[in-house]
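This briefing covers selected features of one chain, grouped by topic. Please have the sequence and the coordinates open while reading.

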Amino acid sequence: MGSSAGSPAGSKRSSRSDSMAGAAPRSSPVGKLSPPGITDEAPAQEHLGLLHGDAVIEPGGSDEEGEFSPSEYDSASISDQSDSTSLGSSIYDHSYVNGRRYHRYRHGRYPIPNDEAEQNREDMLHTMMLEATDGKLFYAPIGDHPQKILDLGTGTGLWAIEMGDRYPSAEVLGLDLSPIQPSWVPPNVKFLIDDVEAEWLNGDNWDFVHLRNMIPVMKDPVALLKQAYDNIKPGGWVEIQDVDGDVHTDDDTVPDDWPLKRFTEVMLEAFAKFGTNAHAAVFGGQYLAEAGFVNIQHNYIKLPYGTWPKDKIMRLVGMYYRTACEEFFPAMGAIHFPMLGWEKTEMEIFFMQCRQAMRDPTVHAYGKMHFWSGQKPYDAD
């Protein structure tokens, strides 16, 4: 589902080795939408994740109740805030629309809820990503000793916290419009409330700038990436990670009238009303090139819509992704669908059809999470 489609307060940490966290990626073919000069071939690397790139997903999975025990999410720990913040208390105010909570800072800039349900969904997506990528947090070859790492649109802050754990000598800063990050974090990690699309006030000489689930909700992705380019040190990297908000299949088992396909069409229309593009992830390489980055590399992982894969880990990822999609339906139903004229009963019936569709083991559908990384030239001014 869409990236604002975007893992638990206290999400599960990966037990896998971190040795590949900054390994040079094997780039995947980027197709006709990619601009000239994008790297589409690189030496193959192992351990890129079970669902990486051209992985073949064999069907045959079941949908047994209770196969995977749900994680216990401690929503209170997400919303707990540090007393040391220098921001006024109004920054923690919220507004409510159709029963869902939204941030009030620059209200309307990010039309996705920031309440506990959305935070839990975001945390679950982070856990899903660790499973699907074999524990990697990124693919860009940033080296073993980055000193300054910036996470734009940090959300609940789990990516920034894990980066702080993995790189204890680095300074890690997470920025977001919503004050929903935990207060207990590694000493090298801090969070600030800021609008990432506003004038850049977040320092310079960054080694690595990261954006996950951000580009589809940006009104001008290239302008944001140009600001990042201007404040990354020569040779530094940026990586954008986003779901392309579409339905894919490798065996043509997705019917033309499949409800999830219809949902992605409505989502594309609704995002356009806000001046954004739900399918922006496929253009990541183009955006990076227009912003001045070079050595652009592309990786992607497949995210099954449901538990139809035979492999258990793939089924687990599919269960996470299906759950995240199901919990995204009411988020879209709070503002986006009503804006297009949908009535409450009509939405409820349609969302029920979408939930049922993702439980059909004969439909082998998946979404794609794209990882686009680009480097600032060493000779840049």
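Is Gly61 buried or exposed? The model is a predicted one, and in it Gly61 has a relative accessible area of 15%. The cut-off for buried is under 20%, so Gly61 counts as buried.

**Surroundings of Gly61**
- Gly61 belongs to the segment that precedes α1 (75-79).
- Beyond its neighbours within four places in sequence, Gly61 has contacts with Thr307, Trp308, Pro309, Lys310, Arg315 and Pro361.
- Gly306 lies 245 residues from Gly61 in sequence, while their C-alpha atoms are 9.4 Å apart in space.

**Chain overview**
- The chain contains 9 helices and 10 strands.
- Of its 381 residues, 57% are buried.
- Its accessible surface is about 15900 Å², and carbon and sulfur atoms account for 49% of that area.

- Strand β3 spans residues 148-152 and is mostly covered, with 5 of its 5 residues buried.
- Lys148, Leu150 and Leu152 point one way from β3, whereas Ile149 and Asp151 point the other way.
- β3 pairs with strand β4 (residues 171-176) in the parallel sense, over 5 bridges. Within this pairing, Ile149 has Val172 of β4 as its bridge partner.
- β3 also runs parallel to strand β6 (residues 206-212), to which 4 bridges join it. Here Leu152 stands opposite Leu211 of β6.

**Ile296 in strand β9**
- Ile296 is part of strand β9, which covers residues 294-304.
- The relative accessible area of Ile296 is 4%, so this residue counts as buried.
- Trp237 and Ile296 are separated by 59 residues in sequence, and the distance between their C-alpha atoms is 9.7 Å.

**Packing of α5 and α9**
- The axes of helix α5 (residues 259-273) and helix α9 (residues 344-357) come within 8 Å and cross at roughly 130 degrees. α5 is therefore oblique to α9.
- On the α5 side, the residues that meet α9 are Pro259, Leu260, Arg262 and Phe263. On the α9 side, they are Phe350, Phe351, Gln353, Cys354 and Ala357.

- Most residues other than glycine have a negative phi.
- Asp134, which is not a glycine, has a positive phi of about 60 degrees. Asp134 sits in the loop between α2 (116-132) and β3. The relative accessibility of Asp134 is 25%, so it counts as partly exposed.
- Asn213 is also a residue other than glycine with a positive phi, near 55 degrees. Asn213 is located in the loop between β6 and α4 (221-231). With a relative accessibility of 11%, Asn213 counts as buried.

Methods:
Residues numbered from 1 in each chain as written. Predicted model: local features only at pLDDT ≥ 70, side-chain atom pairs only at ≥ 80, totals over all residues. Heavy atoms only, no water. Buried < 20%, exposed > 50% of the residue type's maximum accessible area, 1.4 Å probe, protein only. Helix = DSSP H or I, 4+ residues; strand = E, 2+ residues; numbered from the N terminus. Pairing = 2+ DSSP bridges. Areas by Shrake-Rupley, 256 points an atom, 1.4 Å probe, with all protein chains shown as cover. Axes fitted to C-alpha atoms, helices over the stretch in contact; angles between N-to-C directions. Parallel < 35°, antiparallel > 145°, perpendicular 65-115°, else oblique. Contact = heavy atoms within 4.5 Å.
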